[in-house]
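Hi there,

Here is the structure I promised to pass on. Please have a look at it first, and then read my notes below.

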Amino acid sequence: MFNKVMIANRGEIAVRIIRACRELGIKSVVVYSTADAESLPVKMADEAICIGAPQPAESYLLIERLLTVAAICDVDAIHPGYGFLSENAYFAEACRRHGITFIGPSTEAMKSLGDKNAARETMKKAGVPITPGSDGILKDEKQALEIAHKLKYPVIVKAVAGGGGRGMRIARNDASLRQGFHAAKTEAENAFGNGDLYMEKFLENPRHIEVQILADNFGNVIHLGERDCSVQRRNQKLIEETPSPAISPKLREKLGLAAVKAAKAAHYSSAGTIEFLLDTGSKDKFYFMEMNTRIQVEHPVSEMVTGIDLVKAQIRVAAGDRLKIRQKDVVFRGHAIECRINAEDPERNFAPCPGRITQFIPAGGPNVRMDTHAFSGYFIPPYYDSLVGKLIVWGQDRTEALAVCNRALDEVVVKGVKTTIPFQRRILGHKNFVEGKYDTGFVENVIQKLKKSSTKESSK
């Protein structure tokens with residue numbers, strides 16, 4: 001086992017990793033920007049080193065500086081958390097060259113899965129269902145139009161190196177495809193330095209289902225069930241739950257087997273997530289979308305229903321341990337829901353609300369977990385994501401989990417900044433959500449109805 005681990009991240013995930021290290025008897029080193037000097041991870045870690053200015057490009061993304069700190073502090077391994085450099089194959093390789101273990105998958109696996117077109121080909125060869133689309137990279141606009149006519153509109157063009165919704169355009173006719181093709185290409189070149197695009201048939205408002213997997217370096221792979229991440233806005237998830245209310249036991253088994261098959265095809269090790277789109281027009285059609293080669297923001301819901309600590313498992317696998325559990329040992333118990341509480345104002349199109357939290361009281365009580373780096377007096381900087389914390393609840397079934405979640409949301413107090421809590425309360429009380437009848441278009445529909453109702457009220 002490692003003696004000392006450096007955490008190349010910030011916020012709640014840094015706190016989460018520090019706690020896992022402490023339970024494993026590992027010393028932790030956290031790096032931080034000047035904007036995070038008073039943050040909770042800095043207070044909790046065994047060592048804390050300032051690495052630069054608030055902007056990520058001048059601190060958290062400086063690979064050479066991170067490796068210098070790692071050498072000075074004599075760390076055995078680096079945990080990248082999520083975001084920043086967590087899926088950067090160059091960073092993983094640089095760690096290896098410096099004799100430092102990267103707590104994540106191999107460089108080869110990251111590269112093969114980071115190229116979304118290559119990942120599609122890998123899954124296709126492995127027999128994992130993929131969305132109908134182009135065979136390889138689109139050569140030009142003319143070829144894009146030809147393939148779109150075969151697939152039939154709507155279609156979506158995507159950047160092979162894309163992420164976060166960038167380098168993607170939906171097209172519903174020839175005119176929008178011509179415009180979208182060039183816009184996506186330019187955006188991808190500017191954002192990723194790679195303008196290559198591929199095409200897929202666009203599924204209208206599918207369910208977004210992801211499967212958590214765990215794999216070691218000896219070919220052992222298990223899955224920890226699915227998470228329904230369909231409650232999202234502009235590709236940003238707001239609420240996640242497991243098990244999905246849309247999945248039958250038979251389909252759940254198929255998804256799990258497909259996820260394990262996908263991980264093995266990519267020779268994957270560490271914790272990871274296989275993301276699928278579930279066609280809401282069919283009872284059991286699902287398609288591979290992408291694989292996230294890191295720990296996910298929503299990993300706690302899987303931990304709540306399986307009792308498996310994913311971050312500690314990640315660290316153990318990176319240290320060379322074999323998985324101690326097999327698929328038959330994984331027991332799914334109850335239902336879990338996670339609400340991502342962000343410092344955003346839903347009334348102003350979810351505008352970020354950086355600022356000082358004057359009062360913070362997390363939820364507590366039975367079956368409630370809150371992963372957060374916030375505290376009373378904490379200043380939310382404007383340079384990073386606006387996550388304040390994650391509220392995770394458990395119930396013996398979905399009805400109980402919803403009741404616990406509503407109660408816990410009512411308990412959370414965040415003063416000084418606006419948060420998404422009022423909007424999440426509204427979602428949890430929505431008839432369609434309560435009945436489990438929602439998809440990726442659900443949140444936008446709720447927003448549109450709110451706008452119409454507020455317009456009517458203001459005109460009275």
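Arg425 is partly exposed, at 33% relative accessibility. Please keep in mind that this is a predicted model.

The side chain of Arg425 meets that of Asp410 in a salt bridge, with 2.8 Å from N to O. Because Arg425 belongs to helix α13 (residues 421-429) and Asp410 to helix α12 (residues 398-411), this pair ties together parts that are 15 residues apart in sequence.

Another pair is Arg252 and Glu226, whose side chains form a salt bridge at 2.9 Å, N to O. Here the partners sit in helix α9 (residues 249-265) for Arg252 and in strand β10 (residues 221-233) for Glu226, so the bridge ties together parts that are 26 residues apart in sequence. Are these two buried or exposed? Glu226 is buried, with a relative accessible area of 3%, while Arg252 counts as partly exposed at 23%.

Glu93 and Arg96 make a local pair: both lie in helix α4 (residues 89-97), 3 residues apart, which is about one turn of the helix. The closest N and O atoms of their salt bridge are 2.5 Å apart. Glu93 counts as buried, since its relative accessibility of 18% is under the 20% cut-off. Arg96 is exposed, with a relative accessible area of 54%.

How many salt bridges are there in total? The count comes to 35. There is also a network of salt bridges that links Glu210, Arg227, Lys237, Glu240, Glu275, Glu298 and Arg340.

Now for the backbone. Most peptide bonds are trans, and most residues other than glycine have a negative phi.

- The bond from Tyr153 to Pro154 is cis, with omega near 5°; Pro154 is placed in the loop between α7 (141-151) and β6 (155-163).
- The bond from Thr242 to Pro243 is cis too, with omega near -5°; Pro243 is found in the loop between β11 (236-242) and α9.
- Phe84 is not a glycine, yet has a positive phi of about 45°. Phe84 lies in the loop between β4 (77-79) and α4, and is partly exposed with a relative accessible area of 29%.
- Ser270, also not a glycine, has a positive phi of about 95°. Ser270 lies in strand β12 (residues 270-278) and counts as buried at 3% relative accessibility.

Happy to go through any of this with you.

Best wishes

Technical notes: Residues numbered from 1 in each chain as written. Predicted model: local features only at pLDDT ≥ 70, side-chain atom pairs only at ≥ 80, totals over all residues. Heavy atoms only, no water. Salt bridge = Lys/Arg side-chain N within 4 Å of Asp/Glu carboxyl O. Helix = DSSP H or I, 4+ residues; strand = E, 2+ residues; numbered from the N terminus. Buried < 20%, exposed > 50% of the residue type's maximum accessible area, 1.4 Å probe, protein only.
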